[in-house]
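Welcome! Please open the structure in your viewer and get ready to select a few parts one by one.

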Amino acid sequence: MAKYIAKRLLISLITIWLLATITFFLLRTLPGNPFQSEQILTVEMEQKMMSYYGLDKPLMEQYFTYISNLLKGDMGYSLKYTNRTVNSIIKSTFPISAELGLRALALALPLGLFLGVLSAKKRATVVDYTCVFISVLGVSIPSFILGSFLQYIFALKLQILPMAQWKSTLHTILPTVALALSLLATLTRVMRASTLEVISQDYVKTAKAKGLNEFEITWSHQIRNSMVPILTMLGPMVASVLMGTFVVEKIFAIPGLGQHFVNSITGLDYTMTMGLVVFYGSFMVAANFLVDIAYGIVDPRIRINK
Amino acid sequence: MEKNNIVYQADDFLFTDNDEDFDSYSGKSLSYWSDARRRLFKNKLAMISLFFIILIFILSLVIPLISPYTYEQQNLLNINTPPSAQHIFGTDSLGRDLWVRVWYGARVSLAVGIFGSIIPSLIGVVIGGISGYFGGKVDMIIMRAIDIIMCVPSMIYVILIMLYIGSGPIPLIISFALTGWMGTARNVRGLVLQLKEREFVLASKALGASSSSLIFSHLIPNTLGIVIVSMTMGVPSAIFQEAYLSFIGLGIAPPISSWGQLANLGTAVFRIYPYQLLIPAVMISITMLSFNLFGDGLRDALDPKLRN
């Protein structure tokens with residue numbers, strides 16, 4: 001097991017390094033430079049800015065400087081937010097996005113799994129059709145549309161919840177719901193499908209024949225086994241939800257990490273984009289790593305003993 | 001122990017008459033595809049969805065042709081009018097007729113949705129097929145590459161590519177093609193790996209079939225069902241991505257309209273004129289719903305494992 005973990009760690013590090021390298025060169029081949037959009041700058045000023053941030057040096061030299069700084073955990077200064085390091089921007093905005101994501105997950109995960117199991121157990125009944133309908137509806141309504149309508153109904157018409165911003169628990173309700181619905185829908189779908197697959201397996205029949213009651217069968221035979229597909233998708237899902245979704249954050253004016261993903265790329269803020277890609281990538285790799293280990297806990301058949 | 005209560009009769013032990021017309025009670029034997037078609041046609045929800053998809057297609061082709069307005073024609077004396085007989089969906093903040101803009105936008109959104117799903121799926125089939133069939137080092141390299149690419153939200157790559165080649169329907173499709181094939185590639189690879197070990201492939205290998213006939217007559221037809229389902233399910237997600245990108249101002253630039261772009265313009269004024277967001281929102285949702293339900297129906301029809 002220790003050897004397996006060490007091997008996975010090594011692969012993870014190589015993955016992140018490759019990711020950083022590819023993104024670095026991809027970004028630099030984009031036409032234009034970060035200071036072009038600021039019209040006040042003269043050509044000399046622009047060059048001064050370029051040399052201040054070391055952007056006029058040969059690309060390979062910049063690359064090695066960047067990687068060696070990255071190894072020390074330093075992601076450099078943002079080119080757009082004067083005097084702010086990428087680290088400090090991530091540090092101040094990530095907790096907000098993560099909180100929103102956690103709230104949405106806390107709502108969607110238990111409810112989604114419950115509806116999925118319920119739907120599969122009551123297959124082809126009104127309960128099942130309702131759950132399926134909710135889940136299809138959930139994946140068919142984009143979050144930005146849902147968010148706008150939630151605002152319209154609850155903030156503008158009924159005036160019972162604040163329109164936007166991120167100040168109190170009351171402010172978090174609408175964005176949480178807007179984000180949670182599509183998660184809920186996806187989880188319900190997958191859980192329903194995987195429970196249906198498990199429900200007709202021989203070991204479930206054996207359990208029934210042994211005289212276990214319905215609850216024990218559902219809990220320790222069906223749910224446990226149908227969790228594997230959920231785990232597979234949960235890693236990337238948690239990672240991407242915690243990173244913040246640009247659109248929900250934009251609609252509700254939440255100062256999270258999501259906005260920077262789009263703004264930094266379109267503004268050619270090289271260091272910020274690099275920082276976000278590396279941060280997100282590491283998060284994703286870590287999530288997948290944890291999922292692999294969780295497999296072994298849930299399903300002893302896939303426990304690795306190399 | 002209970003006693004066995006079955007009563008045997010003399011003719012239970014007689015030979016059955018083989019000349020009898022078997023078809024009368026065993027039913028006609030159906031091929032995989034005609035069986036799937038029958039199953040699909042019986043699924044009411046899928047048929048209603050298909051009807052909506054076809055309806056939206058026809059309207060998007062016809063309405064911009066017969067309408068007295070064009071999608072970019074402005075009338076500043078007649079701005080933000082609510083739906084009326086003259087302007088069925090009302091007008092926007094530049095006095096453009098929303099009825100025409102919605103159906104013109106449908107062309108763009110549907111084209112991006114359909115091609116943005118089919119092309120990446122095809123790329124995924126080829127790459128996944130190669131990876132699964134040849135295995136070994138090729139497989140390892142391709143799978144590692146996919147792992148790395150999938151570490152970053154595809155939206156980042158889409159935005160990067162669109163910065164290279166500009167915005168519009170075709171750049172959107174190109175960037176979806178370059179970033180959307182990994183999921184399909186993984187699925188197809190998994191399937192091919194399973195199929196490779198199956199008896200019928202072994203049998204045909206033993207009979208001396210070539211690689212290409214194995215691929216084209218056994219492996220591809222057997223993955224086709226799943227690929228078609230994933231293509232159908234990919235359409236709503238491509239429509240969603242288009243809407244999302246246009247919504248943040250990157251996908252389709254005015255004056256061309258698309259649903260995402262109409263929704264984007266709608267959110268700016270929806271506090272005063274909610275219909276301007278409501279209309280494109282409902283269009284996006286109905287279309288995505290139809291494709292999702294139709295895709296579900298297709299999957300139930302094509303995937304033998306889910307048959308009950």
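Here is a short tour of this predicted model, one selection at a time.

**Stop one: chain A.** Start by selecting chain A and colouring it by secondary structure. You will find twelve helices and zero strands. Along its principal axes, the C-alpha trace of chain A spans about 85 × 60 × 30 Å. Of the 306 residues in chain A, 34% count as buried. Now think about contacts between residues at least 6 apart in the sequence of chain A: 74% of these join residues at least 24 apart.

**Stop two: where the chains touch.** Next, show chain B together with chain A. Here 29 residues of chain B are in contact with 28 residues of chain A. To see the chain B side, select α5 (136-149), α6 (154-165), α10, α11 (259-269) and α12 (275-302), the elements that each give two or more residues to it. Which of them gives the most? That is α12(B), with eight residues. By class, this side of chain B has 24 nonpolar, three polar and two charged residues.

**Stop three: a helix pair in chain B.** Finally, select α4 (residues 98-134) and α10 (residues 211-247) of chain B. Their axes come within 7 Å and cross at roughly 145°, and the crossing is right-handed. Show side chains to find the residues that make the contact: among them are B:Val112, B:Ile118 and B:Tyr133 of α4(B), and B:Leu219, B:Met231 and B:Glu242 of α10(B). The contact between α4(B) and α10(B) has twelve nonpolar, eight polar and one charged residues.

Definitions and conventions:
Residues are numbered from 1 along each chain as its sequence is written. Chains are lettered from A and ligands numbered from 1 in the order in which they are written. This is a predicted model: local features need pLDDT of at least 70, side-chain atom pairs count only at pLDDT 80 or more; totals for chains, interfaces and linings use all residues. Axes are lines fitted to C-alpha atoms, for helices over the stretch in contact, and angles run from 0 to 180 degrees between N-to-C directions. Helices (H or I, at least four residues) and strands (E, at least two) are DSSP runs, numbered from the N terminus. A crossing is left-handed if the near helix is turned anticlockwise from the far one by less than a right angle, and right-handed if clockwise. Two residues are in contact if their C-beta atoms, placed from the backbone, lie within 7 Å. Ala, Val, Leu, Ile, Met, Phe, Trp, Tyr, Cys and Pro count as nonpolar, Asp, Glu, Lys and Arg as charged, and the others, Gly among them, as polar. A residue is buried if 20 or more other C-beta atoms lie within 10 Å of its own, exposed if 12 or fewer, and partly exposed in between; C-beta atoms are placed from the backbone.
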